[in-house]
Amino acid sequence: MDYFLLKQSGTITIPKDPRPKDARPEEPSVRIMQNVTALDSFDYIAQDHLVSDRLKQLLEQYLPEQDWCPCVFVDTKKQEMRTFWSMPDLPYVPQSVTAASNGIPAAVYVDARDFAGKAPGILHVRNGKGAGFLVVHLCVAESILRRGICGLEVVRFA
């Protein structure tokens, strides 16, 4: 099957989530930061798997009935804010994930019987050290590219 890894292109420093670790995942996060306009160059922030409104609208088509939690970045001096959304928990686990030597997924295998049934077009996979990665099917990758979503790369598995 044709799956692609989503990677953040470029770098940006964002404040850590101020919520306690035991906070409910559906509770909104508010983060104070200077120059929130720098976030306009990103539709995906890999550090916390945050997506912009534009990317969320697209992903909702492939993840119906999911609960999205807002993450609001606020610049108190300029009185500006930007809203991103935390990726919802994705319960489907691929049949297997092959990792490269650096721990980044190199291949994802979804059982053919699960495809378009249980398996969504978007997968959240973890490597052996617990780091999470977003993987999307070809149809999602094409939609991302057609819409000019910025601040991310769609990398085909070798």
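**Note on helix H2 and its sheet**

1. The cover over the buried residues of H2 includes S1, helix H1 (53–62), S9, S10 and S11; contact here means heavy atoms within 4.5 Å, and buried means under 20% relative accessible area, exposed over 50%, partly exposed in between (1.4 Å probe, protein chains only). Helices (H or I, at least four residues) and strands (E, at least two) are DSSP runs, numbered from the N terminus.

2. The model is predicted: local features need pLDDT of at least 70, side-chain atom pairs count only at pLDDT 80 or more, and totals for chains, interfaces and linings use all residues. Residues are numbered from 1 along each chain as its sequence is written, and side-chain values use heavy atoms, with hydrogens and water left out.

3. Val140, Ala141, Ser143 and Ile144 are the buried residues in H2. Viewed down the axis of H2, they fall within an arc of 160° and so line one face of the helix; the arc is that of the directions from the helix axis to the C-beta atoms. Exposed Leu145 and Arg146 are carried on the face turned away from the buried side.

4. Helix H2 (residues 138–146) lies across S1, S9, strand S10 (132–137) and S11, and runs at about 90° to S10. Axes are lines fitted to C-alpha atoms, for helices over the stretch in contact, and angles run from 0 to 180 degrees between N-to-C directions. Just after H2, Gly148 has a positive phi of about 65°.

5. Four strands form an open sheet in the order S9-S10-S1-S11, with antiparallel pairing; two strands pair if DSSP finds at least two bridges between them. Strand S9 (122–126) and strand S11 (152–156) stand at the edges, each with a single partner strand, so one side of each lacks a neighbour in the sheet.
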